[in-house]
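Thanks for coming. I will walk through one model this morning, beginning at a helix and ending at the chain as a whole. Please have the sequence and the structure open.

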Amino acid sequence: MNMALNADRSPKGGNTMNGIGTGGGKAFAEIYIVNNDSVEINKYIIDNIEAECKRIDNAREIAKEQIRAVMEINAKCQGDNNAGILDYQLLFLEDESFFDDIKRYINDQHVNCEYALHECVNSFIRDFEAIENDYLKERTSDIYDMEKRVQMVLAQRPLQDISCMAGECIIATDEMLPSQVMSMDRNNIKGILMEYGGKTSHSVIIARSLGIPCIVGLKDIKKLVANGEKVIIDGSTGEVNINPNENDISDYQQYQTKNQFKNIELKKFIDKDTRTQDGVTMKILANISSENDINLMLENGGEGIGLFRTEFIYINSKTLPSEETQYKIYSNIAQKNKDKLFIIRTLDIGGDKSIDYLNIKKEENPFLGFRAIRYCLKNPDIFKAQISAILRASTYGNIKFMIPMIATLMELRSAKKLIDEVKNELESKGIPFCKDTQIGMMIETPSAAMMVDRFVKEVDFFSIGTNDLTQYLFAADRMNEQVAYLNSSFHPQLLKVVKDIVDCSKSNGIEVDICGHAGENPYLIPLWVAMGVDNLSVSIPSILAVRQQICNTNKKDLAPVLEKVLAFDDAYEVEEYLKTKFQF
Ligand code: PEP
Ligand code: MG
């Protein structure tokens with residue numbers, strides 16, 4: 001393949017290019033290109049009705065064959081959970097009356113079959129949604145998926161299913177949705193290369209939690225590699241080596257062997273307390289996104305859950321999850337987690353996490369828009385159902401509420417008022433819950449950081465969301481690779497803000513955690529220890545490495561490091577200094 005790489009000439013064998021590394025180590029596999037762009041549906045008038053009806057019939061047959069082929073691969077895969085979805089799509093494609101309606105529409109309106117299909121799907125779904133039946137409602141997104149499949153066939157574009165792959169691969173794509181990453185084949189997808197996105201976009205966060213290296217900001221990657229080409233990627237440095245030579249492959253194999261030894265060493269820290277050499281204790285908690293993560297968290301020595309991103313319950317559901325569904329999830333996790341800390345963040349929807357059924361209007365600037373607590377306060381029924389589920393589950397473990405994206409005291413007070421209302425309702429119905437369930441808030445907006453001395457009087461704990469705090473502090477979209485240099489946790493401005501929050505929490509006697517990505521950055525961990533952060537909540541694959549590092553440090557040696565860093569002018573100076581001082 002002739003590659004016009006705007007890449008570095010490197011001493012390595014293949015062509016290399018660099019993107020933004022997001023962590024997760026190295027991987028070696030063949031490329032699999034995934035096209036995520038959607039099909040545009042236009043309406044036009046046609047003359048030949050018969051030919052148009054034939055087109056839809058052909059597309060329908062090809063779509064059926066595709067589904068049968070995916071079902072066959074799925075049947076061979078372990079842990080497949082998409083069979084029901086495909087069954088339903090197939091059933092729908094076999095429904096003669098639905099396809100007769102489409103042909104009637106083509107005949108009556110003299111329009112192209114893409115448009116007729118789209119209109120018939122929409123009208124079908126409108127009827128479907130009018131029926132009070134949860135099972136049928138859940139099927140609406142399967143119908144949309146079926147339509148997408150047929151539209152892709154009509155547009156002569158391949159539709160790719162990444163929930164079950166035939167072999168190991170590294171995906172090269174434009175951008176992925178968090179829900180796509182969640183449902184992909186964890187056994188066979190070894191890495192993700194994206195043209196767009198930022199270090200802390202939620203699809204990257206999910207990939208990291210699965211231990212899958214991910215590199216973003218790789219301009220034109222889909223054009224620069226071909227399906228089946230071999231690549232070695234380094235999720236930490238952001239380097240992609242395309243068509244590596246034998247030496248590169250042997251270096252990679254050595255890396256793998258070293259990594260296996262490292263992992264054996266790390267396992268020794270599973271049951272250890274997190275304590276510095278001079279006796280300062282901290283807890284290494286886990287950031288989780290689903291009920292499945294609890295077992296993984298326990299296997300990796302997590303000392304509790306510092307952030308449950310509950311919006312993924314909503315994202316993974318076809319309709320609004322009921323209070324009962326949520327109650328089961330929270331109480332199941334709480335029971336497995338025993339008496340360990342379990343911080344449940346209330347719904348943080350919006351930004352890069354959208355949900356069709358919540359009908360949030362498309363926004364120009366979703367990260368500055370109708371997000372998280374802003375949405376919840378305007379939709380008290382949805383918010384109260386979640387609060388009630390959390391309170392009811394609180395009898396099973398050490399559960400705490402955490403409210404995201406608080407910008408004003410009024411928002412915090414309104415959220416607390418709704419929690420009180422739900423408590424009263426539960427009490428009047430005689431439903432048990434833990435009356436003193438603590439309420440904490442995330443500090444992730446500059447406005448909350450500036451008034452931290454006032455917020456501190458009204459909550460039980462703080463958790464610093466450095467991902468959002470950085471993007472809002474620097475007015476730099478965390479999803480935009482063009483401004484990635486601003487979305488760095490090495491900026492002295494961010495470190496100063498974090499230190500002020502920690503100082504204020506300490507002097508008021510409340511606990512303060514970090515749950516953003518900066519919490520697990522090995523070069524920054526010495527600073528968090530020096531500041532006196534109580535707990536770090538990190539991605540599951542990082543728990544043991546963070547604990548090992550803290551157990552090997554002395555807090556008293558770190559105060560001068562912190563002082564020096566805070567005196568620097570810019571992020572690159574901080575990063576250079578820390579990378580020279582601490583070598584991993
Ligand atoms: C953060 O903003 O740092 C955070 C932990 O929340 P999220 O990444 O889910 O926005
Ligand atoms: Mg956040």
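Let me start with packing. The buried residues of helix H24 are covered by, among others, helix H20 (492–507), helix H21 (525–531) and helix H23 (555–566). Contact here means heavy atoms within 4.5 Å. Helices are DSSP runs of H or I with at least four residues, strands are runs of E with at least two, and both are numbered from the N terminus.

Some housekeeping before I go on. This is a predicted model, in which local features need pLDDT of at least 70 and side-chain atom pairs count only at pLDDT 80 or more, while totals for chains, interfaces and linings use all residues. Residues are numbered from 1 along each chain as its sequence is written, chains are lettered from A and ligands numbered from 1 in the order in which they are written, and side-chain values use heavy atoms, with hydrogens and water left out.

Back to H24, which runs over residues 571–581. Which of its residues are buried? They are Ala571, Val574, Tyr577 and Leu578. Buried means under 20% relative accessible area, exposed means over 50%, and partly exposed is in between, with a 1.4 Å probe and protein chains only. The four cover an arc of only 135° around the axis, so they lie on the same side of H24. That arc is taken from the directions from the helix axis to the C-beta atoms. An α-helix has 3.6 residues a turn, so residues three or four places apart point the same way. On the other side of H24, Tyr572, Glu576 and Thr580 are exposed.

Tyrosine 577 counts as buried at 19% relative accessibility. Its ring and that of phenylalanine 568 have centres 5.5 Å apart and planes at 55°, so the pair is tilted. Rings of Phe, Tyr and Trp (its six-membered ring) pair if their centres lie within 6.5 Å; planes under 30 degrees apart count as stacked, over 60 as edge-to-face, and the rest as tilted. Phenylalanine 568 is partly exposed, with a relative accessible area of 21%. The whole structure holds 12 aromatic pairs. Elsewhere, Phe92, Phe98, Phe99 and Phe124 form one aromatic cluster. Over the ring of phenylalanine 99 sits the charged end of arginine 60, 4.2 Å from the ring centre. By that I mean NZ of Lys or CZ of Arg within 6 Å of the ring centre and within 35 degrees of the ring normal.

Next, the metal. What coordinates the magnesium ion, ligand 2? Glu444 (OE) and Asp468 (OD) do, at 2.0 to 2.2 Å. These two link distant parts of the chain, 24 residues apart: glutamate 444 is in the loop between strand S14 (439–443) and helix H17 (446–450), and aspartate 468 is in helix H19 (residues 466–473). Donors are N, O and S atoms within 2.8 Å of the metal (3.2 Å for Na, K and Ca), and water is not among the atoms, so sites may look incomplete. Glutamate 444 is buried at a relative accessible area of 2%, and aspartate 468 is buried at 2%.

H19 itself is mostly covered, with 7 of its 8 residues buried. Glycine 465 is in the loop between strand S15 (461–464) and H19, and is buried with a relative accessible area of 3%. Leaving aside neighbours within four places in sequence, glycine 465 is in contact with Met442, Ile443, Glu444, Cys515 and Gly516. Alanine 475 has a positive phi, near 50°, and is exposed, with a relative accessible area of 72%.

One more helix. H22 (residues 543–551) has 7 of its 9 residues buried. Its buried residues pack against several elements, including helix H10 (246–267), strand S10 (281–288) and strand S17 (535–539).

Finally, the whole chain. It comes to 24 helices and 17 strands. The radius of gyration is 25 Å, close to the 25 Å that the globule rule gives for 584 residues, so the chain is as compact as a globular protein of that length. The radius is taken over C-alpha atoms, and the rule is 2.2 Å times the number of residues to the power 0.38. Of the 584 residues, 53% count as buried.
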